[in-house]
Amino acid sequence: MPELVDPARRSLGDLSPAGSRHNRARSGAAIADDRLFAGGADGRVAAHRPDATPLEGWAGPGDQSTADERYAVSLAATADTLVVGERGPDGRVAALSPATGEVRWRYATAADVGTATRESLLFQPYVVDAAVIDDTAVVAARRYDRDGDDRTWPSVVLGVDPDGGVQWRYAAHASPIAVDVGDGRVVVAYNRCTADHVYGLVVLDADSGALLANWDPGTEGDRRVGDVAVVDDGIAVASHGDKHGYLLDFDGGERWRVDLASERSVDGDTVYAYPNHVAVADGTAVFVTGNTYAASTRDPDARHPREHTAVAVDGGDVAWTHDVGGFARGVAANGSFVAVPSAQHFRERSADTHAVHLLDATRGHLDSRSLPGVAAAVALGDDALAVVEEPVEYHDEGVTHGTHRLHAWRVR
């Protein structure tokens with residue numbers, strides 16, 4: 001049975017400990033052409049060879065010239081291009097040479113979404129996701145703003161050519177959370193929508209950015225979609241609106257729908273959990289759910305039975321489930337494998353949940369590795385698994401767990 005072997009580690013520099021909720025992305029990871037890439041503070045990016053112990057490679061081109069917080073959080077890699085998106089004052093995105101780290105072009109998405117109205121990182125422009133299709137880099141950026149009870153999310157999806165020229169823009173007053181690409185299409189998930197943009201998912205033409213289709217779970221409130229994954233003949237969708245998983249065709253038609261973590265009564269509380277992630281491996285959609293929430297209280301004692309659970313769905317039927325122990329910031333898939341990083345259960349706050357899990361589309365759980373800090377980002381290649389660890393300090397404990405570093409394992 002496949003397992004994780006030959007661990008290697010490399011420091012990624014200083015990073016202040018995350019807090020109990022660990023709710024702000026500050027790291028990224030990607031794998032391409034036998035290279036591992038990790039992003040972190042000051043917009044730094046590091047590349048590593050997984051066959052070297054300790055890990056070796058290049059690092060750059062971080063910016064320590066100001067006191068502003070900025071983090072390289074959204075990485076998309078191919079053999080020819082590494083796209084890096086930041087969370088920070090400019091919401092910068094750049095294309096780098098995967099081999100040398102040379103910067104080919106940069107673009108500030110703040111030109112599209114605006115600049116922060118407050119100093120908090122939460123209000124800074126944020127490149128939430130990136131992808132590459134053919135020669136086009138696709139990035140989704142947003143900015144959060146709040147005036148009293150009014151919240152807004154000016155956002156943009158960009159198609160950028162190899163020279164850094166913007167080929168097309170798709171702007172919306174909604175909060176994008178994920179993009180995926182395939183079959184000449186760009187699929188964008190919006191987790192918060194407004195009256196000006198009511199669709200949780202849009203399908204765009206990869207060459208022109210033209211709107212091809214849209215879809216929405218049709219639920220009340222601004223919560224819509226948590227993640228998307230493009231497959232050969234459709235789109236897997238993790239729905240925040242109704243806490244279900246879907247497989248759609250490219251026109252938005254529903255092929256199947258599965259309850260993942262919708263409302264149910266547990267110990268007198270009506271509780272639910274958001275399906276936050278989805279990846280597809282060998283035709284099986286693997287969804288990952290998040291924290292328990294309740295209809296009547298912000299801090300329920302009850303736990304939803306599908307909280308922090310990987311749920312594999314094959315042809316509309318649940319094939320297997322696996323408890324990942326804590327909140328996952330992402331998911332990665334390659335071939336028949338799926339990797340899930342487990343950060344922590346913010347209500348129970350136990351460092352014992354910090355881990356990464358290797359799953360198989362057919363067999364379910366294969367292997368897990370514990371980490372001292374939280375597993376903040378993950379990438380999965382043909383025979384390598386990369387995880388970025390971040391330090392964390394729980395507010396009621398006063399102990400720092402872990403450090404900022406890259407872990408790499410062979411999958412064998």
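Helices (H or I, at least four residues) and strands (E, at least two) are DSSP runs, numbered from the N terminus. What you have open is a predicted model, in which local features need pLDDT of at least 70 and side-chain atom pairs count only at pLDDT 80 or more, while totals for chains, interfaces and linings use all residues. Residues are numbered from 1 along each chain as its sequence is written, and side-chain values use heavy atoms, with hydrogens and water left out.

Begin by selecting Val266, which lies in strand E24, residues 264-266. Is Val266 buried or exposed? Because its relative accessibility is 17%, Val266 counts as buried, where buried means under 20% relative accessible area, exposed means over 50%, and partly exposed is in between (1.4 Å probe, protein chains only).

Next, turn to the charged side chains. Side chains of opposite charge can pair when their charged atoms come close. A salt bridge is a side-chain nitrogen of Lys or Arg within 4 Å of a carboxyl oxygen of Asp or Glu, and by this rule the count comes to 19.

- Select Asp183 and Arg185, whose side chains meet in a salt bridge at 2.6 Å, N to O; Asp183 is exposed, with a relative accessible area of 55%.
- Select Arg224 and Asp216, a salt bridge in which the closest N and O atoms are 2.6 Å apart; here Arg224 is buried, at 9% relative accessible area.
- Select Arg363 and Asp360, where the closest N and O atoms of the salt bridge are 3.6 Å apart; Arg363 is partly exposed at 47%, whereas Asp360 is buried at 3%.

For the last stop, select Asp80, Asp134, Asp135 and Asp207, which form a negative surface patch. Patches are made of residues with over 30% relative accessible area and no salt bridge, like charges being joined within 9 Å and nonpolar side chains (Val, Leu, Ile, Met, Phe, Trp, Tyr) within 5 Å. Finish on Asp207, in the loop between strand E18 (201-205) and strand E19 (211-215); Asp207 counts as exposed because its relative accessibility is 59%.

Note on methods
Areas by Shrake-Rupley, 256 points an atom, 1.4 Å probe, with all protein chains shown as cover. Lys, Arg positive; Asp, Glu negative; His and termini not counted. Charge placed at Lys NZ, Arg CZ, Asp CG, Glu CD.
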